[in-house]
Amino acid sequence: MSVRPIVPADHPALLALWRRTPGLQLRGEDDFDPFCAYLERNPRLSLLVELDGRIVASLLVGHDGRRGYLQHLAVDESCRGRGFARALLDEALAGLAGLGIDKSHVFVLRDAPQALAFWAAQADWEGRGDIQVYSTRRSSE
Ligand SMILES: CC(C)(COP(=O)(O)OP(=O)(O)OC[C@H]1O[C@@H](n2cnc3c(N)ncnc32)[C@H](O)[C@@H]1OP(=O)(O)O)[C@@H](O)C(=O)NCCC(=O)NCCS
């Protein structure tokens with residue numbers, strides 16, 4: 001098993017992993033061009049796990065200069081429970097810390113019980129009851 005930074009050529013395999021992972025929502029930002037722009041903006045921070053040459057886990061990692069943001073944590077169903085998610089998180093947070101980013105957030109859908117259970121089980125992560133997220137999207141018209 002090896003953890004390495006995601007590169008643009010990984011896009012088809014990652015898209016396939018994300019599509020077969022219930023609980024992950026794909027958006028226009030997951031298309032090839034915005035995916036590459038995200039990687040370029042956050043060099044070497046997003047990570048994947050390879051097992052016998054196959055991509056089996058992913059984590060997109062970015063920051064805004066103050067806080068880190070994690071997305072698309074996914075481990076192939078056949079590879080769960082082997083510490084791959086933990087390995088990705090540890091390396092991602094170390095990468096962010098190397099840039100001076102010591103605090104990170106992840107947004108988890110309320111109707112994703114398995115994901116919520118995962119995050120609740122991570123001793124170094126705290127569920128926030130004091131924050132309500134508001135979002136907006138600029139209309140392209
Ligand atoms: C959630 C997910 C990423 C976990 O991946 P994983 O590789 O099986 O997790 P790990 O083996 O690294 O587990 C790390 C720790 O979390 C615990 N854990 C893993 N999945 C858990 C779950 N669903 N509920 C509670 N605890 C869980 C493990 O027991 C382990 O605990 P330990 O460190 O005390 O041994 C994986 O199940 C997945 O891809 N789910 C679907 C996508 C998803 O929901 N992603 C999260 C989006 S926010």
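Which residue has a polar side-chain atom 2.9 Å from an oxygen atom of the ligand? Gln122 does.

## Basis

This is a predicted model: local features need pLDDT of at least 70, side-chain atom pairs count only at pLDDT 80 or more, and totals for chains, interfaces and linings use all residues. Numbering runs from 1 along each chain as its sequence is written, and side-chain values use heavy atoms, with hydrogens and water left out.

## Ligand site

On its own the ligand has 910 Å² of accessible area, and the protein covers 71% of that (Shrake-Rupley method, 1.4 Å probe). Strand S4 (68-75), helix H3 (84-97) and helix H4 (113-120) each give two or more residues to the shell. H4 gives the most, with 5 residues. Helices (H or I, at least four residues) and strands (E, at least two) are DSSP runs, numbered from the N terminus. In total, 19 residues surround the ligand (a heavy atom within 4 Å of it). The closest are Leu73, Val75, Gly81, Gly83 and Arg86.

## Thr21

Thr21 sits in the loop between H1 and H2. Its relative accessibility is 8%, so Thr21 counts as buried (under 20% relative accessible area; exposed is over 50%, partly exposed in between; 1.4 Å probe, protein chains only).

The Thr21 side chain reaches the backbone oxygen of Leu17 at 2.6 Å. Leaving out residues up to four places away in sequence, Thr21 touches Ala74 and Arg80 (contact: heavy atoms within 4.5 Å). Thr21 and Ala74 are 53 residues apart in sequence, yet 6.9 Å apart in space, C-alpha to C-alpha.

## Asp30

Asp30 lies in the loop between helix H1 (11-19) and helix H2 (32-41). Asp30 is buried but has no salt bridge (a side-chain nitrogen of Lys or Arg within 4 Å of a carboxyl oxygen of Asp or Glu). The nearest side chain of opposite charge, Arg27, is 6.7 Å away. Lys and Arg count as positive, Asp and Glu as negative; His and the chain ends are not counted.

What joins the side chains of Asp30 and His72? A polar contact of 2.9 Å. Beyond four places in sequence, Asp30 touches His11, Leu15, Trp18, Gln25, Phe35 and His72.

Technical notes
A polar contact is a pair of N or O atoms within 3.5 Å; within protein, one must be able to donate a hydrogen and the other to accept it, and residues adjacent in sequence count only if both atoms are side-chain atoms.
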